[in-house]
Amino acid sequence: MMYVTLAGAIFAEILATTAMKFSDGFSKLWPSLGTVAGYLIAFALLSQTLKAMDMGTAYAIWAGAGTAVVAAIGMLFLGEAVTAARIGGVLLVIAGVVVLNLGGASH
């Protein structure tokens with residue numbers, strides 16, 4: 001169950017961050033409300049995940065997955081540059097999450 005809540009937290013954070021891009025500095029109502037709602041849901045689900053999972057592991061997965069997916073959304077759908085450095089950076093984030101998880105979780 002902890003991975004389900006973590007996946008929900010990641011999904012909500014990705015939606016919130018994407019909505020923030022479209023909020024135009026919080027000057028557009030609906031994307032701004034989507035940002036706030038998404039982050040509230042993300043943190044609520046992450047807090048539930050932390051009841052059963054080590055904080056470092058949960059946060060590494062949450063932040064790493066969110067970073068990788070948001071970077072991919074930017075490159076694939078928002079016209080951000082696709083460069084070797086960006087792709088390498090995303091791969092390093094993913095590798096870091098994997099390495100942290102190989103350390104083992106106590107739950």
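**Exercise 1. Two aromatic residues**

In which helix do Tyr59 and Trp62 lie, and how many residues apart are they? Then describe how the rings of Tyr59 and Trp62 are arranged.

*Solution.* The model is a predicted one. Begin with the positions: Tyr59 and Trp62 both belong to helix H3, which covers residues 55-77, and they are three residues apart, about one turn of the helix. Next, recall that a pair of aromatic rings is described by the distance of the centres and the angle of the planes. For Tyr59 and Trp62 the ring centres are 5.5 Å apart, and centres that lie within 6.5 Å count as a pair. The ring planes stand at 50°, so the pair is tilted. By the same rule for ring centres, the count comes to three aromatic pairs.

**Exercise 2. The overall layout**

**Exercise 3. Helices H1 and H2**

Work out whether H1 and H2 are roughly parallel or roughly antiparallel, and describe the residues of their contact.

*Solution.* First take the geometry: helix H1 (residues 2-22) packs against helix H2 (residues 29-49) at an angle of about 160°, and their axes are 7 Å apart. Angles over 145 degrees count as roughly antiparallel, and H1 and H2 are therefore roughly antiparallel to each other. The crossing in which H1 passes H2 is left-handed. Among the residues that make the contact are Leu6, Ala9, Ala16 and Thr17 of H1, together with Gly38, Tyr39 and Leu45 of H2. Sorted by class, this contact of H1 with H2 has 14 nonpolar, seven polar and one charged residues.

Now look at Thr17, which lies in helix H1. Its side chain is joined to that of Tyr39 by a polar contact of 2.6 Å. Leaving aside residues up to four places away in sequence, Thr17 touches Tyr39 and Val70.

**Exercise 4. Helices H3 and H4**

Carry out the corresponding analysis for H3 and H4, beginning with the angle at which their axes cross.

*Solution.* The axes of H3 and helix H4 (residues 84-102) cross at roughly 160° and come within 9 Å. H3 and H4 are therefore roughly antiparallel to each other, and H3 passes H4 in a left-handed crossing. On the H3 side the contact includes Ile61, Gly64 and Met75, which, with other residues of H3, meet a set in H4 that includes Arg86, Val90 and Leu100. By class, the residues of this contact divide into ten nonpolar, four polar and one charged.

Technical notes:
Residues are numbered from 1 along each chain as its sequence is written. This is a predicted model: local features need pLDDT of at least 70, side-chain atom pairs count only at pLDDT 80 or more; totals for chains, interfaces and linings use all residues. Side-chain values use heavy atoms; hydrogens and water are left out. Axes are lines fitted to C-alpha atoms, for helices over the stretch in contact, and angles run from 0 to 180 degrees between N-to-C directions. Helices (H or I, at least four residues) and strands (E, at least two) are DSSP runs, numbered from the N terminus. Angles under 35 degrees count as roughly parallel, over 145 as roughly antiparallel, 65 to 115 as roughly perpendicular and the rest as oblique. A crossing is left-handed if the near helix is turned anticlockwise from the far one by less than a right angle, and right-handed if clockwise. Contact means heavy atoms within 4.5 Å. Ala, Val, Leu, Ile, Met, Phe, Trp, Tyr, Cys and Pro count as nonpolar, Asp, Glu, Lys and Arg as charged, and the others, Gly among them, as polar. A polar contact is a pair of N or O atoms within 3.5 Å; within protein, one must be able to donate a hydrogen and the other to accept it, and residues adjacent in sequence count only if both atoms are side-chain atoms. Rings of Phe, Tyr and Trp (its six-membered ring) pair if their centres lie within 6.5 Å; planes under 30 degrees apart count as stacked, over 60 as edge-to-face and the rest as tilted.
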